[in-house]
Each structure stands twice: as C-alpha cells, then as structure tokens.
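These are my notebook entries on one structure. I set out what I looked up and what I found.

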Amino acid sequence: MAVPAPDLVALRELGDRVRPLSAAAERVLPVPAAFADLIPQGGLVRGSTVITGGSAASSLALALAGPVTAAGQWCAVVGVAHLGLLAAAELGVALERTLLIADPGPQEWAGTVAALLDAVEVVVVQPTAPITPTTQRRLIARARDRGSVLLQAGGRSDAWAAQPDLTVDSGPSRWEGVGIGHGRLRARRVRVQVSGRRGAVRPREAELWLPGPEGQIAVAAPTRTAGSVGSVGSVDDRRSRGPATADAPAWRDAG
Amino acid sequence: MTAEVGTRTLVVWCPDWPVLASDPEPAAPVIVVRANRVVAASMAARAAGVEVGLRRRAAQRRCPSVEVVAHDPGRDARAFEPVASSLDAVTPGVEVSRPGTLAFATRGPSRYFGGDESLAERVAWMVSGALGGRWPVRVGVADGAFGALLAAQAAHRRGVATVVVPPGEAAGFLGPHPVASLLEAVEVPDVIDVWQRLGLRTLRHVAELPRGDVSARFGHPGVAAHRLASGLDLRPLAARHPAPDLAVTRDLDPPVDRVDRAAFVAKTLADQLHARLAADGLACTQVLVEARTEHGEVLARRWRHEGALTAGALADRVRWQLDGWLTGSGATRPTAGVDRLTLVPVEVVAARGRQLGFWGGETLVDERIWRAVARLQGQLGAEAVTVPEVRGGRGPGERVVRVPVATVDLTEDRPAARPASITEPWPGQVPAPAPATVLAEPEPVVVADARGRPVTVSGRIEVSAPPATLALPGRRPVRLTAWAGPWPVDERWWDPERHRRRARFQVVDQEGAAHLLAVEAGAWWREATYD
C-alpha cells in the first residue's frame, strides 16, 4: 500500500509549535551534581544568561557547560582564545561536540553569537566591549526562542546592559598538594556563590572541589544560604568580609 | 542464483591519491595525516615501513626523514579534476566516486576501443599521461563497480597496470577477498565487525548467506554489503532517474571566479537540492554539477556516492568541483567566471533516513549546526570555525589544537577529540589538573626572591633562591605562598633551530591564584593560569 511521503516542512512547524509544552525537566540543562543544590532550578534554565566570575571563573564556566555536551548537545565558544581546552575536557566538556569560533571582532560579534544561539545549546562568550541594551535584548530573545544558554566565562561583569539571570561567583581558591618548593597542584577548594535575579533572591553558597584530588567536581562543604547563621567552621573567616548581595557579590577578584 | 549481474564497469584508481595531490617529489617519503593518523603514504615511505592508520609519531619513528602533510579533501579534489577531464574523450559518463577514484560503464567505449583489455590499457595510458607519467595508475574492469575497484587494487598488488575480470566471473573473483574490503564501498563498519566476529572471513562466506536472513538481521546496510559481496551492484533496481524539474539552478550575478565565494554558493545550492529531494522522500546518490561561464562554456562533472549524499557531503562535492575548475591548469580552466550553476540529481533512491547506530555510539549532527557552521564560515572565513583535537605534548597549550571544521566530518565519530585517544606517555608532561586559561602567547613576568633579586635557574636546574614574589605585566608584585618546580623541558634537542630548553614552575600567590610559569634563557613567562 502506498504511504504518502510525509510533509517534512509541516512536521517541523508542528514540532516547533508544540515545543513550549515540553516537560519542565527539558527546560533546564543539566549541571554537575555539585551545582544542583546551588542553583535554584537545579540546572541552567534554557533561554537564560549566566555569568561566572572570581578566581575560578573559567573553570566554573567549563564545569557548567560539561554535562550538556556529555548528554549529546553541542557547545560553542566565541572568541575566548585563551580558554584551556584540556581543562575543558577534564571538567567534563565533550570536545567532539564543541565548536570554536575565532574572535569575530566587535562588528560581527552579536551576529555570530546570535547564529550560534540558534544552533547549539550553550554559547560561551567573553565580551570585550560593552553590549548595548538593544543587542542584549535581541540575544536574549534568540536564546529564549531556541532554548539555548548564553554563558559568560569570566571577564568584565559590567559588559551587559542588564544584569544576567544567574551569577556564579567564586571566592579565593585554596590549592592543595603544592608546598614551598615541592609537590604540585592537585586539588582546589573554592567557595562558590550563586545569585540571580529570578528565584534566587537569597544567594546560596557552598565550598566546592574544582577539581578534587581525583579530578572530580564535588561539594567540599554543604550548601547554605549566604547570610544565615552558618556553622561551617573552616569557612567562617571568609564570611567576615561582609554579607553578599544579589546584585554585587562582595568579594570579587580582578581576574 | 539469480540471473542478475552487475553493470560492467571500469574503475581508475590512483593509489595514495592524497599524497599525489600534495605534489611531492617523486622519490621523497611523504605521509598525509588526518587527525594524527596516516591516511596515505608515498612509495618511499611505505618502503620504510609506514602503513596507513599508523600514528604520525610512530610513522616518523619508522621513517625520520618523512615529510608530513595535513589532509585536505579540497586539495585532493582540485588535483583530480585534470585526471577526470582527461577521460572526457573516451566517454561522457565519467563519475568521480571520490578524489583518486573514478568509474564509468564500459559498454559503449569498450566496443569502440576493441574490448575491455584494450580499453583498460588505453585508459591507464591516458590517465598516466595526465599525471605526467610519474605515478602508478591502476585500472580494473569487472561486473559491478565494487568488483572493478577490487580488480584495480589487485592490479596494484601484482604490480601491473590493469586487471580485467571476465564477464560473469565477478563473484568468483571477489570470493577470496577479506570481508573488510567491503569498507571500500559501503560505510558499514558495525556490520563488518559483527560478521568478522561471527567467523565470516571472506566475501564468499558472506555471499553464501541467504539474503533474506541478512535482511532480517542486519537490515538495509547488511543487504547492501551482501549484494556487493555477491558481485552485484548496490542497487540497480531502486535507483531511478528523477524528473528533470528536481534540478536546482542559480544565476550568479556577479559571476563567481573566487574559490571562497564559490564555497558559499555551493553550500546554499546543495542545501536547496537536498531540501527539495527530502520533501519528496528522496536522497541523491549521483549528482551532476554543471557550470556555465560568462563566455558560454559549459563544464559538467558527475559525482557518485555509494551511500546517499547528505546535504554536507553534497556541498563538499560541489565546492571541490568548483575549486577544481577555478584553480585548474590552463587547459581545463574556464576563461571567465561562472554565471550559472546547476545541480542535477542523476540518480536518486528512496531516503531511508539515517538510522542511529544499532550498536550505539553514533550521534546525529543537527541540521542547525551545519547551517550555523556554513553561515559563519561564509561570514568570518573558513579558518575561523574550528574544532578541538587532542595531540601528544607536554605543555597545556600543545595538547589541544584547533582544526578547521572544513577538514573534519562532524557526522562521524571523532576519537581524535577525546583525551583518551592519546595513550603514549609523555615524559615531562604538566600533570592534571590542566589550567583553564592558556595564553596564546606567553607574557613576560618578573619573579624575585625574598630580597628582591631576580630568581634564576642554572643549567643544572638549580634555583638561585626560592621565588617569593611574582609581578604580572603592569601589576604590583604579589607574594607567593607556594611554589613547585623546576620541571625541566628539553625539547627537540636534535634540531638546532627548534631546540628549546625550559623549566616550568607552578606558583600560588597570596590571593590563591595559581599560575604555570616557564623560565627560558633567564627570562620568566606566564604560560597559563589555573582560574
């Protein structure tokens, strides 16, 4: 019996139309288990913008992008020529599903990022010039439409006209395994603080291994809400630098 | 046994075409490398023990004087165009299967030139002439393109120019060949792998299986391989000549005479053809690329693919062909820019879709990624879009390189992008964890001891004093709380020009920032930062 050939164009349109009705879990991209408690939605919300900062800014961005690529999705890096790709692989990024775009220059930057937001799930950027409100609105609209995430790996936090949805900041790193003239860098403990505009009014923070002695990303000291009466002894000294707020993390490195 | 036989076909096969395409010295040892593996080697390199599939470094160990050339499919195709056009006098039906291999049906030409043997010899002589007579050319004739290809390869092993398998004897000729030779024609590595493990060693074993059983167990790819092993064509029945209105045409104004613009046109036109065929549930196995120039010249070339051509593969072939024409030598080069480009699907089959691997592992590259890559290549240049590949090396920057996306196939599994693909130990490698920031160009820094004097490292790798402060360019010195090293790196000591002698340090400053530093000839550099 002859079966009519499917009208692929119509099918694709139908697929696009039903997309917003997909399950809630599909609206969130996976993150490493250690971050799940830190981020209110348990993952990167599709269509959102994320910025990392502090002494572990690049590692944080790579760690957040890792599980997405491991799950079979693609990630693209625009510019950021100095991003350590070996570290990316160690932090869980599948390099076979990573596209690297040479710095397109300020004229082409927005167009390049927009084209990639169309195609891949995570676009890693590090804007060198301020982004106008119009451009930012356009990029965010594109990301929402396609369900992709715009992830800034360190760099200037004031490049965006409006604050990103999620800020993942890090305090000073504490390196283990290296001494005075002996040993080598083996593991790092770093305080990570997550704050945002939506759903994360109270910043959450935890001390993470990034990476741990076995290369893993794990929680070194449990999650708590910043500003609450904590009892994690070894980290109390850091909190004395003042309570962090959602809009401006109190400790921020120049790096 | 059915009465069906394969179309009598002549195949011209140039062994190690990628080497030839790189235009080497005839006697020089040359290897062509893709993803760190040898894909082709010249005669001299083979004589030194280099084999296809070897790692680059292993090949260099066997043959230290070998010249290493990166694989470039575009170059292969460009260089092949003069070969294909040299046979236009013999038959109009020349089909390029891939750069280095072409095929045509012998029925007409064979009668004209007095039999398969004399045709084969004449073709070998003509192609050899087109290549300047410096390289071996092998010609095989048999029932079916696959048999003819294996006949050409048999000619190469026997050291003769031509092998003609008499009509009706293709199955007997194919029988003793190993199962893996099917990979020359169909991309079904999983099926072949299973057959080998089931104890099917030769094509005769495969051909003896009942076709119905093969179909039930291995589906369409299995049947395709089974047909080839039986000496039949891949699909003489399914292929049909489509209605001419499926051809896509584009007028180019202004005419295209530059390769980079040609690439962009190729991509859009190939996408258009692919979409039009897909809407009808068809896929293209043979395409005619036709170009008309401002002066009215018409250039045409057929490309054949044993599987169905994906949009990306189609675009590659169109781009290669335009490259071949536009950069060709005087005789084949058009006298003006191309002002009309037409793609005619010569042979189509029902699109069976691309199945995800039964044995897992295959991932489908989204159409969207193709489109974005093509668009960015057009906007920013082909070199601007790259993918990472892992290489052996010591420093963090040496161990991952950026390879232009045009030189890899995103739809294929790419083990070269996984760090696990490097299994050899590298003495002196900077241990994990790797730094998340690796400077493209190391920046000069100042490292001083507790009394403010610069720290030096002697030829015997002794540190003059413990490093106490680090000053990054334009910053005040910061105190170091921990340091490790020196780790000497003595690279390429056999090559006076590229010899480098360095010592690496890891340092942690008072703010917790960790850096990878190197000292070379008394100067300190920051190579990377663990941020």
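Against which helices do the buried residues of H11(B) pack? I found that they pack against helix H7 (145-158), helix H8 (170-174), helix H9 (189-197) and helix H10 (203-207) of chain B. Helices (H or I, at least four residues) and strands (E, at least two) are DSSP runs, numbered from the N terminus.

I noted the provenance next: this is a predicted model, in which local features need pLDDT of at least 70 and side-chain atom pairs count only at pLDDT 80 or more, while totals for chains, interfaces and linings use all residues. Residues are numbered from 1 along each chain as its sequence is written, and chains are lettered from A and ligands numbered from 1 in the order in which they are written.

**Helix H11 of chain B**

I listed the buried residues of H11(B), among them Val214(B), Phe218(B), Pro221(B) and Leu228(B). A residue is buried if 20 or more other C-beta atoms, placed from the backbone, lie within 10 Å of its own, exposed if 12 or fewer, and partly exposed in between. I then checked the span: H11(B), residues 211-229, covers only 11 Å between its end C-alpha atoms, whereas a straight helix of 19 residues would span 27 Å (1.5 Å times one less than its number of residues). I located a bend of about 135° at Phe218(B), with Pro221(B) following within four residues. The bend is the angle between axes fitted to the seven residues ending there and the seven starting there. Just after H11(B), I recorded a positive phi of about 85° at Gly231(B).

**A sheet in chain B**

I traced an open sheet of three strands in chain B, ordered S3-S2-S4 with mixed pairing. Two strands pair if DSSP finds at least two bridges between them. Its edge strands are S3 (37-41) and S4 (67-70) of chain B, each pairing on one side only. S2(B), residues 30-34, pairs with S3(B) in the antiparallel sense over four bridges. Here I found Arg34(B) opposite Arg37(B).

**Contact between the chains**

I counted 51 residues from chain B and 51 residues from chain A in the contact. On the side of chain B that touches chain A, H14(B) gives the most, with nine residues. I also followed S5 (residues 98-101) of chain A, which pairs with S13(B) in the antiparallel sense over two bridges. In that pairing, Val385(B) is the bridge partner of Ile101(A).

Technical notes
Two residues are in contact if their C-beta atoms, placed from the backbone, lie within 7 Å.
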